[in-house]
Structures are given as C-alpha cells and as structure tokens.
Amino acid sequence: MREKVCHVPFLNSVGPRYDADMDPKCRCHQFAACAPHVHFLKERHLGLYERGKARSGLAAEELSLLKEAEQALLGDDASDVRRQDLACRIERWRYRILDEYRDTGPPQDRRLADALDIAANELVRRDARPPRWPRGAISDASRDRDRLARAARCLDREVPLEDLVRRAAQLTRRHFTAPGSNRRRILLYAPLYLSNYCLNHCVYCGFRQPRDVPRRHLDLDEAVGQAEILCRRGFRHILLVAGDDPRLTTPEYYAGLADALAERRVAPAVEIAPQSTASYAALAAAGVCGVTLYQETYNEGLYCLYHPCGSKRSFDWRLEGLERAAEAGMQRLGLGILLGLADPREDMAAMLRHAGYLRNRFPDCTLAFSLPRIHQAPEGFTPPYAVDDETFIRLYCVLRIAFPRAELVLSTREPAGLRNRLARICITQMSAGSSTAPGGYDTRNGPSSGEQFPVCDRRRPDEVAGCLDAAGLEVVWNVPDGSKRKSRHEP
Ligand code: SF4
C-alpha cells in the first residue's frame, strides 16, 4: 500500500502504521480533507454509532471534538486557552478509552489512544514525544533485565543482610554528602492533612467510603494555620495530603494554598488524587515542587480488587499521573507501593521498570521512592502479603542500589528504632512529629480524630532531629535546590 501522509502534523508523528488497517474508502466526509489518520479516527467513531444508540451521544461529541482539534491544529488562530481546553478534553477522552478497553480492547483502540495523546501534546505546544505508555514498560520482562536480576538477588536471604546494608550505606554517603562535608544529609518534612473527605472505596484505608469516621476539610485559613504551626517546629518542606473529593479539593484550592506557603518560604509537595496535566501545570506554577503518587500495587488484578469503585479504580489514570506531572513541569516524582497488598518482589520489579521509564523520559527530574507498609488496616481487611522487618530493609537497600541518586522516603508509620536504623543506611527524607488527621497539629481542643492510619513513631521533630544528628547525619529542613522549582516568590 502506498504510504499516505496526513497533513495534520501530530497524526503524522504517530506514523503510517495505521495504513495497514484502513479501508481506502471513506464513508464519512466530515474530515475528507484530512487523509489517513483522521480517517482512522472517524472509522472508529462510525463503528461506535453502529454498535448502539447508547454510545452515539458520546461518539457525536467526540467527532465534534476531533473536528475542533483539527481546526485548531491546522489553523494558527486558536487562542492558547482554547487549545488548552481542547487538550484537556482530549486527555479525558483518552482515559475513557483506556478504561473501557483495558482488558479486551482491540488493537486500534491503543492506536487511537496514542493519536489522542499526541494530539493533546501538540495542542499545548509541548515538545514532540512518543505516546505515553508506562503500561508497556511495567510489564516488559526484557526491560532493565540486569538491574532487576541484581535486585532479585538482593532480596534472597542467602545474601547476607549486612553486606547489602553496607553497600546501600556507601552509595547513600557517596551521593548525598556535600563536597567538603563529612556528614551526609537527611531532610525532615511533615505531612499536612487537608481533608479526609474521600469518594473512593480503597479497602485498606481509614478514609474510605462508606466508612463512618469524623470528616473534616480545612479551609484555606485553617490550612495555613496548620502550616504555620509546622513552620514554628522548624519545617520548611510540607507534604500536602488529602482524600479524593474533587468538589472540595480543587486545583484552585491547592494552588491557593501553595501560593500562601511559598509566601512563607515553605516548599510544598502534594500527595493527592491524580490530576490532569493542566492541573499539575497550575500547581507547578504556584510553587509545588513535587508529586507523590503511589501506585499501591502494579498487579492490575489485585489493584481492581482493592479499588472496587470511585475514580481510583482507573489503573491507567493513576499509572500515568507522574508522567502528566513531569510533562507539566513538576520537578520531583515520588513513586511507591503499599506493602502488604501484593507480592513485594513483583511489585518492586514493576516499580523499578516504571522508574526506569520515567528516568528515560524525564532525565532532569528527581526520582523519590517510598515503601509505606500496612500495619493496621480498617476492620474487614487483612493484608494478604505481610512484609517483615528484614524484607522491609532489603527492599529499601534494593532501591538504593538500583537508583543510587534517588531520594528514599520513610514515614512515621514505622517504629522509632527501625526508622533510626534505616536512616543510617539509606533514607534521605523522613517525616517527623506527624499527624494523619486534618487539623491534627492544633491540639488545643484535645487529640484529633479521623486519622488515616495510626502514627507509630510519636517522637517530636526536635527529638528525631537530635537522634539523626547523634548518628552523624546532617539534618536539613529545606528541600535541596535540585528538587525545587523556582517559585515566583523567590528573588
Ligand atoms: S487511599 Fe486515598 S483515595 Fe483511597 S480511600 Fe484513602 S484517601 Fe481515599
């Protein structure tokens, strides 16, 4: 077949591979001027019309969106706001396709998803890139084979733990010690829980629906008040955490808070529901320096079991969240698996592949890893893959050996003794004095209720800092420059 070239540039970049599937006769003339790739999109939509009336309303909308996108890309007169809006709608459409055809999708729907991805990217005038596809990376056993083989060996009990610990500690010292210093750095940060309203049903979480827990959402003033308490305790890096209820925790809410924190010279990062690329861009512009987004488990079957309904059920929307954040300009990308949900070896292998994929696509971003471990789950849920302390330490050592320059993060879910030990080995960022309930840092009205999970290490931040100092580490409270975007409040 003669190779046809589409004059819509983004569609050419997806390539002439569509040709093989195409019927040379077009039954729809709406896009007659635009050869083979738009033809492919149209054919798919005609199929939708034919498959039943229930879908036809949506398919008509999608056809109209295609036409608008085509006009914006071919002409040069669409405003940036208009192009941005079209890109957002195309992005949403793409995730609908990925969700709908997740397990059984015919191949052309993957290609449609790619075409839409490239279209959205082109509409907002970002640099050309191959379509997003971390799903392929996490399941490709040939990817990073050597690194993964080394990692698997480290989890083997025949490898003495102390050898592993020595290697991880050496690498951490080498990459996290400032020139001229004999102490390597460790950052202390605090989580700030903004809201425990959540529409999701994650079976392992204290905030899940339909659980009856005291719910609270902090308004902007209350959130800033909590941040000021943390500032008085010394923190300059705060992780904003919230449940997923988009009616309350909007991008504007987060951006307003990030702005207020930047004025107080606090660098915020977020651990919130996955956002669209446009929302991440708004957060980055407001001074948010990083996104933490745990996949929880990379085992898709178990993922669906643990997230039976709510927006978190969408595996791809979550899996690609860090990539959207990086494209939007976020500097620090935090990955994680929730230990207890699935086989930790398999999840670790998938997370390492995911991280390798992100590092290849965004070499300037800082990668961070965290391994939250379920100690106590809500009634009715027992984590099926309990992880003991030795495996826990080995997993962190694996991360250090696989990614020597990555930030390794540890929360107060773990007891003080284990945290001290891991801090000496490989941890570079650690929370301290945490509360996991919204408003939990103001104790004037007694202890707060509505925690996401119980805090195990209850030491004050200055006590934690004292222990780390005594262990020969340099405690820092500001995020390293490489992890921080320059906010517009900085000189
Ligand atoms: S894990 Fe997050 S999304 Fe799931 S119920 Fe808890 S707060 Fe909501």
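At roughly what angle do the axes of helix 15 and helix 16 cross? In this predicted model, the axes of helix 15 (residues 344–361) and helix 16 cross at roughly 20°. They come within 12 Å. Angles under 35 degrees count as roughly parallel, so helix 15 is roughly parallel to helix 16. The crossing of helix 15 past helix 16 is right-handed. On the helix 15 side, the contact involves Pro344, Met348 and Leu352. These residues meet Thr391, Leu395, Val398 and Ala402 of helix 16. Six of the residues in this contact are nonpolar and one is polar. The contact of helix 15 with helix 16 has no charged residues.

Helix 16 (residues 389–402) also packs with helix 8 (residues 161–176), and the two axes come within 9 Å. Their crossing angle is roughly 40°. Helix 8 is therefore oblique to helix 16. Here the crossing is left-handed. Helix 8 contributes Leu161, Leu164, Val165, Arg167, Ala168, Leu171 and Thr172 to the contact. From helix 16 come Glu390, Ile393, Arg394, Cys397, Arg400 and Ile401. By class, the contact of helix 8 with helix 16 comprises eight nonpolar residues, one polar residue and four charged residues.

These helices belong to a protein with 18 helices and nine strands. The protein has 491 residues, of which 44% count as buried. Contacts between residues at least 6 apart in sequence were also examined. Of these, 75% join residues at least 24 apart.

Strand 6 (residues 366–370) includes Ala368. Is Ala368 buried or exposed? Ala368 has 24 C-beta neighbours inside 10 Å, and therefore counts as buried. Thr428 lies 60 residues from Ala368 along the chain. The C-alpha atoms of Ala368 and Thr428 are separated by 9.5 Å.

The surroundings of the ligand were examined as well. Which residues surround the ligand? The shell includes the cysteines Cys198, Cys202 and Cys205. Asn200, Phe207, Arg208, Gly243, Asp244 and Lys312 also surround the ligand. By class, this shell has four nonpolar, two polar and three charged residues.

How values were computed: Residues are numbered from 1 along each chain as its sequence is written. This is a predicted model: local features need pLDDT of at least 70, side-chain atom pairs count only at pLDDT 80 or more; totals for chains, interfaces and linings use all residues. Helices (H or I, at least four residues) and strands (E, at least two) are DSSP runs, numbered from the N terminus. A residue is buried if 20 or more other C-beta atoms lie within 10 Å of its own, exposed if 12 or fewer, and partly exposed in between; C-beta atoms are placed from the backbone. Two residues are in contact if their C-beta atoms, placed from the backbone, lie within 7 Å. Axes are lines fitted to C-alpha atoms, for helices over the stretch in contact, and angles run from 0 to 180 degrees between N-to-C directions. Angles under 35 degrees count as roughly parallel, over 145 as roughly antiparallel, 65 to 115 as roughly perpendicular and the rest as oblique. A crossing is left-handed if the near helix is turned anticlockwise from the far one by less than a right angle, and right-handed if clockwise. Ala, Val, Leu, Ile, Met, Phe, Trp, Tyr, Cys and Pro count as nonpolar, Asp, Glu, Lys and Arg as charged, and the others, Gly among them, as polar. A residue is near a molecule or strand if its C-beta atom, placed from the backbone, lies within 6 Å of it.
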